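Dear colleague,

Please find below the structure that I was asked to pass on to you. My notes on what was found follow it.

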Amino acid sequence: MVRNRSMGVVAVLAASALGLAACGQSSGDGGEGGAIELTIAQNAIAGGKNAAAADHIASWVIPKFEEAQKAKGKDVTVKFVPSGVDDEQYKTKLSLDLKSGKGADVIDIDGIWAGEFAEAGYIKPLAEVAGPEAESWEGWQQIPEAVQGLATYNGKKYALPVGTDGRVLYFNKTLFQKAGLPADWQPVSWQEVLDAGEKLKSSGVPVPIQINAGTAMGEATTMQGVLPLLAGAGGEVQVDGKWTGAAQPLKDVLGLYQKVYGGSGLGDPKLQQEAKGRDKSFQQFAEGKVGILLEGDYFWRGVVNPKTGVAPMADREEVVGYAKIPAIEPGKGIRGQDFVSMSGGALRTLNPNSKHPKEAFELLAFTLSADALKEETKDGNVRITPRTDVNKEILAGEPLLTYISDEVLPLTAYRPPVAVYPQVSVALQEATPAVAGGTAADQAPADYQKKLEGIVGGAANVAS
Amino acid sequence: MTRFVAGRIGFYTLVALLLAFFTIPLLWLASAPFTSNPTYEVRVPDFTWENFQIILDHPYALGSLVNSLILAIGTAVLVVVMSALAAYALSRVRLPGRDALLYALLLLSSIITGTAAMVPLFQLAIELGLIDSHTGLILIMTGGLLPAAIFMIKDFMDTTPKSYEESARVFGASPLQIVRHVVVPVVRPGLATIAVWTIANVWGNFLMPYLLLSDVEKQPAAVIMYTLYTEGGQANLKVLSTFGLLYSVPVVLMYLFVSKKYGFRFHGGIKR
Amino acid sequence: MAQQTSPPDTKALDESPARGYSSDAAGLGRLRAGAFVAPALALIAVFLVFPALWVIYLGLMNYRLTGIAAAEPQFVGLDNYLKALSDPGFWNSTVLTFQFVLGSAVIGQVVLGFTLAWLMRNRRGTLKSVVEGVVILAWILPSAVVAFLWVALLDRDSGTLNALLGIPGFAWLLDYPMLSIILFNTWRGTAFSMMLYGAALGNVPPSHLESARLAGASGWQQLRDVVFPHIRGHILTNLLLISLWTFNDFGPFLLTAGGPENKTEILAVYVYKTALQAGDLGYGAAISTIILLINLVVAIFYLRLLRRKG
């Protein structure tokens with residue numbers, strides 16, 4: 001009796017705690033009786049990360065799409081599932097959701113994840129999920145071959161590309177003028193970049209050159225450092241399924257890092273080690289302390305943007321110059337190019353577990369229609385869309401984005417979209433501070449090759 | 001006399017140093033939210049309310065604080081009630097293998113609060129239908145915190161004298177009545193400590209709430225805090241510092257409340 | 001075994017065999033005691049033991065977050081463990097973790113926590129409230145906020161500390177990364193030890209201290225001969241818990257991201273990088289299991305150490 005009573009009290013206490021907890025719960029999906037409910041997920045959230053994209057979905061895509069479906073006699077409601085976290089965390093969450101047969105119907109992923117998601121069975125070729133409409137989508141004709149490649153894995157299209165970007169050398173024209181360098185600077189070799197750095201240094205610029213290095217910057221070191229330089233030295237991280245080991249191009253890249261960070265005073269090695277080093281490099285550029293900086297177009301749109309940037313520069317248009325990234329010497333870049341760049345881009349795809357794949361694809365295609373992209377990119381949110389028809393129109397007033405779209409994208413290269421890439425990327429990042437920290441420039445490539453062999457499953461998969 | 005004075009000086013110097021050590025890091029939180037363009041530098045603020053206006057207009061900021069409250073209080077209630085009962089029983093009756101069990105659970109709890117447990121916990125939540133629900137999250141967080149809570153409270157109960165319980169028993173009180181009316185009042189400061197410890201733990205937890213709650217309307221402040229970065233991962237200090245302050249206030253208020261009401265501190269029972 | 005593993009029990013156990021239900025003062029009996037424990041144990045079984053065993057099992061798989069190994073994970077036996085033992089990164093993290101635990105928990109939090117409790121033991125009023133208040137504030141603030149506070153404190157260019165000391169440009173987090181995170185974690189966690197020792201000191205009979213003082217014992221002798229024997233059990237509890245928590249503490253990641261050059265990549269950070277950033281869940285689970293084993297050894301070490309001294 002006593003025992004029962006005590007159990008009862010515990011149960012009541014526990015239940016009241018749970019009841020309190022349950023207050024925050026709402027009921028699940030109420031879509032019944034012909035109504036179709038779709039969800040769309042992005043790593044974007046109102047009031048936070050990528051807020052403009054989230055607002056566009058909520059205020060334009062959803063009402064317009066529901067309206068269009070209603071006109072066709074379908075009752076479709078769309079719900080946006082926002083997120084606003086680190087890419088790795090977003091990726092983890094998506095993977096766990098997709099593995100368990102959950103997740104939104106339409107999801108955004110980074111282009112670089114396509115291979116590993118496909119291999120895991122988390123995403124499937126669009127035609128398999130949505131039917132032949134996916135192949136005959138009108139937008140494909142507007143998307144350049146290279147950008148389509150972002151969404152392609154093993155010859156099949158797994159997603160629609162959401163956009164792309166490109167990397168250039170930014171420079172501070174005011175500092176250049178003081179150092180006696182031209183405002184229309186365009187180096188044609190690495191040596192010319194180093195020479196400019198020397199001149200900036202002697203004119204008193206605290207950080208003449210900023211090329212991301214080290215593991216603290218994460219993927220920014222790989223994408224805005226090692227890989228564009230590697231392309232400039234004529235190398236690629238993976239060629240025909242074989243990973244590049246301690247070959248000459250990598251040695252050249254690490255040699256350049258050593259010239260910048262190994263005591264020459266051309267770069268600030270401490271900045272590369274700080275957890276918030278990249279933020280700081282942006283801040284310092286905005287304050288006129290950095291001469292040359294290798295970054296993507298995000299830097300122009302989101303960092304030094306006078307209105308919405310995190311390190312705004314009121315005189316961005318006058319002060320910030322940009323130039324293509326040169327090959328080590330003219331004609332020595334990949335494919336024999338004089339100039340190089342690297343690009344990435346997001347993808348938008350379907351959840352293979354979607355209950356309404358046809359409608360989900362319609363929603364997916366709708367978000368990348370010319371109208372939707374024009375709407376999304378107005379009011380200062382211009383970015384390079386995947387569609388040439390849209391780009392022609394929206395990039396007109398944006399000199400840098402036009403420059404990247406016209407001059408840089410034809411030269412650019414992409415990362416290999418395979419599952420082990422993130423680990424290879426970390427190994428590349430680790431090689432860079434080793435050089436700056438004094439490890440002989442030929443030891444670091446050998447160390448990298450050893451690590452690489454461990455990552456990609458043995459020496460057989462590595463070419464040196 | 002001089003020795004006394006020297007002792008006083010030494011005492012106050014030491015206290016001043018310790019106070020400085022614990023206070024100086026807090027200064028940024030007192031200045032940045034009220035500064036127009038905050039950086040990492042602690043400056044005298046220009047007392048702007050603009051940053052707070054941004055947070056007030058934020059679609060999820062205030063709601064996320066409510067969610068944090070639900071999660072923190074729900075977990076704290078469960079942890080305190082369950083650990084008090086369990087610790088009392090374990091303290092007064094020697095169940096076989098009691099201490100070994102307690103140590104084993106304590107060690108296992110360290111695994112479960114780490115990153116590696118995210119997949120099992122996620123799939124467990126899916127199987128039990130607890131995904132996207134505050135209840136599920138509360139149960140999971142309670143499970144992780146219970147062993148340490150039991151361990152701490154048992155330590156308390158072990159040092160409280162048993163004579164009151166014996167007298168209560170002589171007067172015919174049931175074990176549960178004894179716990180409520182005799183034991184709980186004695187160890188109440190300890191329970192308060194556990195409650196605040198639990199609240200602080202839940203309040204700062206980011207990864208599990210993010211993974212288990214898809215609906216942004218249900219996500220706690222810890223998750224929303226992480227969304228206040230730009231697409232390139234740069235910290236927006238204007239909103240981060242301000243939201244950081246607002247995010248800290250409830251947990252401080254809860255501490256003050258518990259501290260005032262229950263004499264929040266380890267008390268160690270009645271002096272003998 | 002019971003009386004050996006939990007020193008605070010000793011008193012109860014000394015009394016219990018002789019005096020019937022003196023230890024079971026409320027007349028609980030084993031059955032009702034079981035009912036009291038059952039709800040907690042049930043919850044722990046489902047939400048702690050089961051997933052924890054699952055983690056240990058995952059440690060034997062080559063399971064990954066994505067890629068082929070996510071679709072068809074293979075049983076690989078002890079491969080993950082062998083990989084860890086031959087990975088210099090793992091050993092680096094293990095050594096760093098021991099430095100971190102020793103510096104911030106065993107030395108930092110225990111010494112500072114005890115010092116604060118000792119200084120405040122006979123005080124009342126504002127000074128005590130203020131001191132305890134700020135120490136506890138450091139403990140309860142959310143870690144995401146605390147990370148910003150410490151970046152602002154230790155920043156190279158505009159940090160408060162450099163401004164106060166007049167040494168602009170001094171890179172604490174780069175040149176003294178381990179010292180920085182040890183100070184950080186000491187600041188963060190001292191409150192718990194302070195409260196625990198505060199309670200323990202309250203239990204030391206003032207009469208004992210008085211007689212020791214009359215006998216001419218110095219402050220240090222009083223501590224050693226009177227105070228320490230009384231609070232030994234609390235020291236054990238304190239050491240066990242804060243070491244365990246510090247071993248699994250992920251907080252420094254927010255300050256240094258494991259850098260520079262992995263100099264603050266303690267095991268919890270190593271697991272985060274392996275499991276979440278690299279998606280290598282099987283390996284991450286194996287490392288977690290190894291951390292568990294290390295914690296077990298540390299716990300046994302503490303138990304033996306404090307028992308022998310008694």
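A crossing of two helices is called left-handed if the near helix is turned anticlockwise from the far one by less than a right angle, and right-handed if clockwise. Helices (H or I, at least four residues) and strands (E, at least two) are DSSP runs, numbered from the N terminus. This is a predicted model, in which local features need pLDDT of at least 70 and side-chain atom pairs count only at pLDDT 80 or more, while totals for chains, interfaces and linings use all residues. Residues are numbered from 1 along each chain as its sequence is written, and chains are lettered from A and ligands numbered from 1 in the order in which they are written.

In chain C, helix H6 (residues 88–119) passes helix H11 (residues 177–202) in a right-handed crossing. The contact of H6(C) with H11(C) involves 14 nonpolar residues, twelve polar and no charged (Ala, Val, Leu, Ile, Met, Phe, Trp, Tyr, Cys and Pro count as nonpolar, Asp, Glu, Lys and Arg as charged, and the others, Gly among them, as polar).

Chain A is divided into domain 1 (36–161 + 345–414) and domain 2 (167–342 + 416–463), with bounds from an automatic or database domain assignment. Their contact takes 19 residues from domain 1 of chain A and 20 residues from domain 2 of chain A; two residues are in contact if their C-beta atoms, placed from the backbone, lie within 7 Å. On the domain 1 side, H18(A) gives the largest share, six residues. That side divides into eleven nonpolar, four polar and four charged residues. The C-alpha centres of the two domains of chain A lie 29 Å apart.

Yours sincerely

Notes:
Axes fitted to C-alpha atoms, helices over the stretch in contact; angles between N-to-C directions.
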